Amino acid sequence: MKYIFVGAFCAMAVLSVVAWWWQPSQRDDGRLEIVWVSDDNPVRREQIDLFNELYPQYRLRLDPQNSGMEKVIVQCLAGVGPDVFDCYSGFQLASFVRSGIARDCAEDLAARDIDIDAVWPALRPLVVHEGRAYGHPDNAHAPALWYNKRVFDAAGEPYPTGGWTWAEFIEVAKRLTVEDERGRLAQFGLMMGYGDWLDILVAQWGCDIYTPEGTRCTLDSAEAGAAVQFYQDLIYKHGVTPSPVQESAMASAGGWGSGIIALFGADKAAMAIGGRWWLCLLRNPDFGKLPLGAVELPHGPTDRVFGGGRSTLVNAKSKNIEGALTFLEYMHGPAWNNLINRQADALSPVMKYNYTEEFLFNPEHPEEDYNAVWRTAMENSIPRPVSPYVHGQRVDRILAKQADLVRAELKSGAEAMRDAAREINEAIIEMLEIDPVLRERYYEAVAKGAPAAWDRPEDAP
Amino acid sequence: MRSKRTAVITALCFLLPNFLGFCVFTVGPVVFSLTAAFSNWNLMKTVPLQFVGLGNFVKLFTEHEFWLYSINTVYLMMGMPIAIAASLFLAILLGQKLRGIVVYRTLFYLPSFTAGVALLILWKALYNPDFGPINVIIETVLGWLHVSSVDAPTWLSSTKNVLSLGVEKVGLVAGQFGLGARDAIIMMGIWTAAGGGNMLLYLAGISNIPQELYEAASIDGAGKWAQFRHVTWPQLAPTTFFIVIMSFIGGLQGGFEQARVMTMGGPAGTTTTLSYYIYTKAFEEFQIGYASAVAWVLFTVIFVVTLVNWRFGSQYVNE
Amino acid sequence: MSTSRKRSFGEWWFRKGRFGASHVLLVCVAVTTLLPFSWMVLASFKSLDEVQGLSPIPSEWHPENYTDVVNSKDISFKKYYFNSVFIAGWVTLLACFTSSLAAFAFARLEWPGRDHVFKLYLATMMIPGVVVMIPNYTLMVALGLLDSYIGLIVPAAFTAFGTFLLRQFMLTIPRSLDEAATIDGASAWRIYWDVILPLARPGLIVLAIFTFMGNYGSFFWPLVLIKSEHLRTLPIGMLYFDSMYGRQTNLIMAASVMCIVPLIILFIVMQRHLVKGIQLGAVKG
């Protein structure tokens, strides 16, 4: 028996040596490593390779599995964080700053001649917090309407030219919604990206989600309710876009990117609302040289649109600050910006690179004659409203839940928005109760006349 | 003669490695999490650390998410009696002296032994509403019967359930009747557990029943069913008692792996059990204080339920 | 007249019919148990289109699914296997060793407070794992052991269950052996190492098997602790593999088969011990 113990111990000791030897090495090729936490979009490969080419003293490496604001914060605090990480909203930026892991780069950027005002205005909240810059935006995104020329041709419809209202749109979409032999709807007039529709419609109907200071959620307004109801009507009254059941019956797929894109690429819809970044997937030869067109979105009561994007921030506890800042420099320069435009990872963050001939005409993809549409959408976009007084992810969850119920026809648009507003306001109150610093600022704002999140004084935190 | 002091030192030497680890990784954490449950700690330093007294507990009891998830947890335990009955049935089946019975026993134990992420992923593929063999078979059968008004259930993407529970608030909602994610998980759970450890326990229990009892019963004219009711079942009472208690303890803490691997908490939160809720609060939002409070509430529930089972069950066993 | 017919049916049932019915039932249950497994194995050899079709048996066999999984650039399956076995091995070794030492202290040595401390051990066994994992995680964060082998191995090695099980075993070993050894002048360590340990072998085997199995498939702790791809264990690797390649059911099934086969082999080899162990553990508990 005892020999078994001793033998097992020796075996484990040997395995330990193997484990230590099998670890990936930090800098075996003489280059200093920079770790970047981002998503696993296939275009990152080229973005990283280009950086490594331009800056041979560094080796940039992607870590796609640890994104998520809280995870990044905790890992950075525990000393196992990356050197640079992505940020998706102003709320995330604020959280990163408050937890102390986002590095204030204002001076570093100035020292490297990086002018933050050269980026699209809609991207500023992703990088600038209370006047200080903490990183650099990666790309810029605003939605417009894709259409599949093949489907239009098959139905004998003329291509859309823009400048149209939703009512006109619905007429066209109805003509493009077709049943198959089994009587099931096989092709729809329209697909809408899963999360986007709420933002897009709410923006167009004129609602700002929050009051200007962010102190109260205003989704319980008539405009927001009407916007969401319009979406429900698109599914159930006009029948031009699929319900969740119909969508899953069309065999959606997993993997990176929404299943919507795959369905659109498989000719299951004539039109789809999405971003220029869809090209990353749609250029794939699996979709058989899809003849695409793009046009601005139909107009609602207004034609506002929320723009956004992604930014990359520097970990204050990184052991390779120089490398991280070099990465920011890279993102401000022509190599990165032109690459983004070529790859169609939405649009380049620095505005001037979207006004070049190179942007409008890409020799590798001559059929993409619609790039100006995306630029116009970006010009018309405003930053997506965010409230500093509530957890962004929680808001997303609340909205997603209500969106699910609306899509499944379990609630009307107005009801759903009222409930969403109520829950978001409750979340604001909860946040204020937990956080004394925020509470102070909130009361200051309220004292200056901002509407509060509660209706009855006794609910105040 | 060894003095008492030497005895203590000797004991310490033996005990120390395990006891030290036990204190650092079990006792310490228990005390720590009890303290944390009364604070607002969130591990991210975005909010100053404060003692909040019963604040976390008040919050969790007034938030309707906690009650929804508790209902989910209890709902998933509905398969428990079925699984236990199945284990008993299989044990009786395996107790007969037939050829190759050991092969069957090995086979039945297989799902339980290989349980883990790989099996969960397998069942996720089986339940796929379009390509999974389960729905393929259902649709084929429906096709033969020429029934076109009924669709195969969408399983893991459906919030429907056998009790017509609503999604947002606690209560019954018409139109929610059907087979959905929770039912899928229950069925998978029964398949996994029927031939598992409980079956082996029942087998051992059955083999311990003296034959004379059966002989006496049959002399008294009792048929097979009566023999089961009056001999087998009462004799197995202690085993059943143990199994029920362990099942409750396991069931109340369970549902995490299924939720994390198959549904990520389920369509609209319907497969989120209390343990999954604690996981998301603690390891995705890093709300350590709040998550600890929920964990302690769960522990208290388990404790009380076990006590009740013990009291009630002991009486029953001793009759 | 009717009673005699009923009795003869009952007799037929008792003699023959019952066995036939039992056989049928056994076969039915066996088929239900095996169906998912067989689907998994067959699917792992199919091409992607076929997996989504109706036919159970692949028309062409694609064993390259397995090589595709093993050679995949994003998923280092071999590393995950190694990690699972490595971590489970260390935990098992540590657990068996320290638990047997502690069980000896509880079962054989006299010292003040012994029974109270043991009750403490018992009490903690009822606490749900999740209560303890949260503080353990924060401890790992504070110590900087997040995302490390040590962090994965050490906290898992100290459970009260091992001590409890082995103590029960040791209590059944007759004390006369101890006394004989003491008379021969043996110290406590000698008694432990030469007398008790060999006799506690069945218990140790059961503990080893359960600990290894439990840690091989351990999901929660590696899930929260691991950040880097090269440290992933098999369950975590499977999880990420499914989320990245979920569409390719045939590859996923091949990976699942590779995960499960070692368990099946272990099971068939260790069957006797396991069955006995479960029954023993429950009876004594």
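The pLDDT is the predictor's confidence in each residue, on a scale from 0 to 100. Chain C has an average pLDDT of 82, and 88% of its residues score at least 70. For the complex, the predictor gives an ipTM of 0.85 and a pTM of 0.81. The structure is a predicted model, in which local features need a pLDDT of at least 70 and side-chain atom pairs count only at pLDDT 80 or more, whereas totals for chains, interfaces and linings use all residues. Residues are numbered from 1 along each chain as its sequence is written, and chains are lettered from A and ligands numbered from 1 in the order in which they are written.

The secondary structure of chain C consists of 14 helices and zero strands, where helices (H or I, at least four residues) and strands (E, at least two) are DSSP runs numbered from the N terminus. Of the 285 residues in chain C, 44% are buried; a residue is buried if 20 or more other C-beta atoms, placed from the backbone, lie within 10 Å of its own, exposed if 12 or fewer do, and partly exposed in between. Helix H4 of chain C, residues 77-107, has 31 residues and reaches 43 Å from its first C-alpha to its last. This span is close to the expected 45 Å, which is 1.5 Å times one less than the number of residues. H4(C) is mostly covered, with 26 of its 31 residues buried.

In chain B, the domain assignment gives domain 1 (1-27) and domain 2 (37-318); such bounds come from an automatic or database domain assignment. Taken over C-alpha atoms, the centres of domain 1 and domain 2 of chain B are separated by 40 Å.

The contact between chains A and B takes 16 residues from chain A and 15 residues from chain B, two residues being in contact if their C-beta atoms, placed from the backbone, lie within 7 Å. On the side of chain A that touches chain B, helices H3 (69-77), H4 (90-98) and H17 (392-407) of chain A each supply at least two residues. The largest share of this side, four residues, comes from H3(A).

Within chain A, A:Trp120 lies in the loop between helix H5 (106-111) and strand S4 (128-129). A:Trp120 is buried because 24 other C-beta atoms lie within 10 Å. Not counting residues up to four places away in sequence, A:Trp120 touches A:Ala140, A:Gly307, A:Pro349, A:Met351 and A:Met378. A:Met351 is 231 residues from A:Trp120 along the chain, yet their C-alpha atoms are separated by 5.6 Å.
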